[in-house]
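Open the model in your viewer and keep the selection tool at hand. Each stop below says what to pick and what is there.

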Amino acid sequence: MRKGPRATSLSVRLVAGALVWLSVLLALGGGVLALAFRDAVQQEYASRLDAVLLGMIAAAEVSPNGSVVPARPLGDPRFDQIYSGLYWEVSGPGDKTIRSRSLWDSALAPSPGGKELQIRRLVGPKGENLLVVERDLEFPGAAGPVHMIVAGDLQEVSAGVRRFDRLLMTALGLLGLGMAVAVVIQVRFGLRPLRAMAVDLRAVRNGDRPRLPDHYPREVAPLADAMNGVLDKDAELIERARTHVGNLAHGLKTPLAVVAAEMSGKADRDVVSEQIRIMGRLIEHHLGRASAVAGAGRVLGLKTSVREVAGAITAVLSRVFSDRHLLFSVDIAETVSFHGHREDLEEILGNLLENAGKWAASQVRVTAGEDAGGLRLSVEDDGPGIPPDAVAEATRRGARLDEKGPGWGLGLSIVADLVEVNGGHLDFGRSDLGGLRVTVTLPRTA
Amino acid sequence: MRVLVVEDEPALALRLQQVLEAGGFAVDVAYDGEEGWYLGDVEPYDAAVLDLGLPKLDGVTVLQRWRDAKRTLPVLVLTARGRWSAKMAAFNAGADDYLTKPFEMEEVTYRLRALIRRAAGHAQPELACGPLRLDTNAGRLTLDGAPVSLTAQEFRILSYLMHHPGRTVSRTELMEHVYDRNFDGDSNVLEVLVGRIRKKVGAERIETVRGQGYRLVEAE
């Protein structure tokens, strides 16, 4: 019965969406943290190197010929180990350059700078990545400005960074996993009412329960209510249909008995004819009621243009009553709609208009409008109308107000049934045209 | 006037035939949709009574096919379904009137007469031609107010002529609308009958148009 591929499962949607977002945010967060740590570590190393540089500056002396030399040995023994990874270089004044022993036969290319500390990277003699701190300096008594460089291997701190990265990934990974699990649990918990509803629906289909329970959350309650509405209506209709069939069967028994009795002797034609008329009326009546009942159930989403139906029926009646030259006027706005089956509206309007046509002197008018109370239909004629005390009689089952034409009373009682089944009511009154005015009010379906 | 009855229930078909013949019609009967369609298509009927629930071909389809083939004869539809949606379907297919079962037999005669009269272009139920008056509702002919005694055949001839006053009706046309399919006579019978009618209503009323047919003379 299902027509196409099912849409993606809600659980899958919710979980997949959450996981995607989670991954993106964790990756971004992790990336930002890693970069920040790297930066902090580098800054810290730079300050350490700067401290060494400042130490060098403090220990520097100006020799008599104007050059600058470090007088005391610098604290760190690595300056004396070849390619140790820790280097210094002093350039100036002029072309003179002194280097640490660790630099051996290499050089650190100085960059023109200023009095402030400059930090940059270079490739060292071993091909290692160096962090370089350097300053331009003026020594009193020196022949010119001096440029001092201290450089350190970044390997010193990279191990720490790598360790942090591993820690970060593990932590974020675990966090992500934990959140994913939480999301899955939350989704399952959140969608539980839907699973409960599926179970309840299966029970209803199997006949284990007559309708869905009332305890669903706000978001799915309308669905459950609509379903229950349909189920209740179905049950009601089946019951009514059964009643009608029973009533019809019962009602026919007496006339049939009378006919049988007549046929066993010398049959009185008038008696038999009368019984036939009665049986015919009963059948018409109950069939009419039963089909009214059958049609009323499935009214979800139906919409019929009242003006169109009224127009079609008056066109037919103009032909049927053409001898009488009646004027049929339809005074209905295009937007007025009947929220039910077209056949039911045709039955209501058809019977009312045919009735009006039978009694009218020269004109019949049909009007309709929608308001807060629902749909209101009025059919009026300029005939004799009916006396007020006969109003109640007019809608009684099978009653004939007058023998104007066969089946007069039947048409109105069918209309009364249809109106009742659709939850509305029928009113009679006097029209300003001079005759009868029949008004049908049909409320909006809740 | 000649009508076609298409009805599959034999008892009902027979009764309709009897009632309509008594009412002054020549009647042909078809018992299923195929036969009904065929007859309505090839024979010239003044009207048809068509049951909707037919074997072989349903009534609405028969009606639609007649209308598609431009057969404009008035059709009275019979059916058990009293719902208006069924009536609307019949009218949309081209029906001119509608009766639900069970119905009074007189109703069929009455309505057919009205349909035929309207189809011939007469707005009033009473057709007049000088002192001759035909009450189409009751199927009664009067001359200066006094009822005229005619046989069934004579009535049909005069009634047909009165529905088409002033027009020359050929012998063939007259025969086709006055006799049912089973008639196997010749047109001399027509001469004799017209002669008898002239004796009853006045010879000047019906004019013989040499070589063409007969014409009802309208009053000055």
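How many bridges join strand 6 of chain B to strand 7 of chain B? Four, and the two strands run antiparallel. This is a predicted model: local features need pLDDT of at least 70, side-chain atom pairs count only at pLDDT 80 or more, and totals for chains, interfaces and linings use all residues. Residues are numbered from 1 along each chain as its sequence is written, chains are lettered from A and ligands numbered from 1 in the order in which they are written, and side-chain values use heavy atoms, with hydrogens and water left out.

**Stop 1: the hairpin in chain B**

Select residues 126–129 for strand 6 and residues 132–135 for strand 7. Strands (E, at least two residues) and helices (H or I, at least four) are DSSP runs, numbered from the N terminus. Two strands pair if DSSP finds at least two bridges between them. B:Cys129 has B:Leu132 as its bridge partner. Two residues lie between the strands, and B:Gly130 takes a positive phi near 65 degrees. Now colour strand 6 by face: B:Leu127 and B:Cys129 are on the covered one, B:Glu126 and B:Ala128 on the uncovered one.

**Stop 2: the sheet in chain A**

Move to the open sheet of five strands, order 9-11-12-14-13, with mixed pairing. Its edges are strand 9 (327–332) and strand 13 (425–430), each pairing on one side only. Neighbouring strands are turned by 15 degrees on average, direction ignored; axes are lines fitted to C-alpha atoms, for helices over the stretch in contact, and angles run from 0 to 180 degrees between N-to-C directions.

Select strand 12 (residues 374–381) and strand 14 (residues 436–442): six bridges join them, antiparallel. A:Leu377 stands opposite A:Val440.

Helix 7 (residues 342–359) lies across strands 9, 11, 12 and 14, at about 20 degrees to strand 12.

**Stop 3: the cores**

A nonpolar core is a set of buried Ala, Val, Leu, Ile, Met, Phe, Trp, Tyr and Cys residues joined through side-chain atoms within 4.5 Å. Buried means under 20% relative accessible area (1.4 Å probe, protein chains only). The largest core has 60 residues; A:Val306, A:Ile348, A:Leu349, A:Leu377, A:Val440 and B:Trp66 touch the most other members. Apart from it lies another core, of 48 residues, including B:Cys129 and B:Tyr214.

Finish on A:Val306. Beyond four places in sequence, its contacts (heavy atoms within 4.5 Å) include A:Ile332, A:Phe338, A:Leu349 and A:Leu377.

Definitions and conventions:
Buried means under 20% relative accessible area, exposed over 50%, partly exposed in between (1.4 Å probe, protein chains only).
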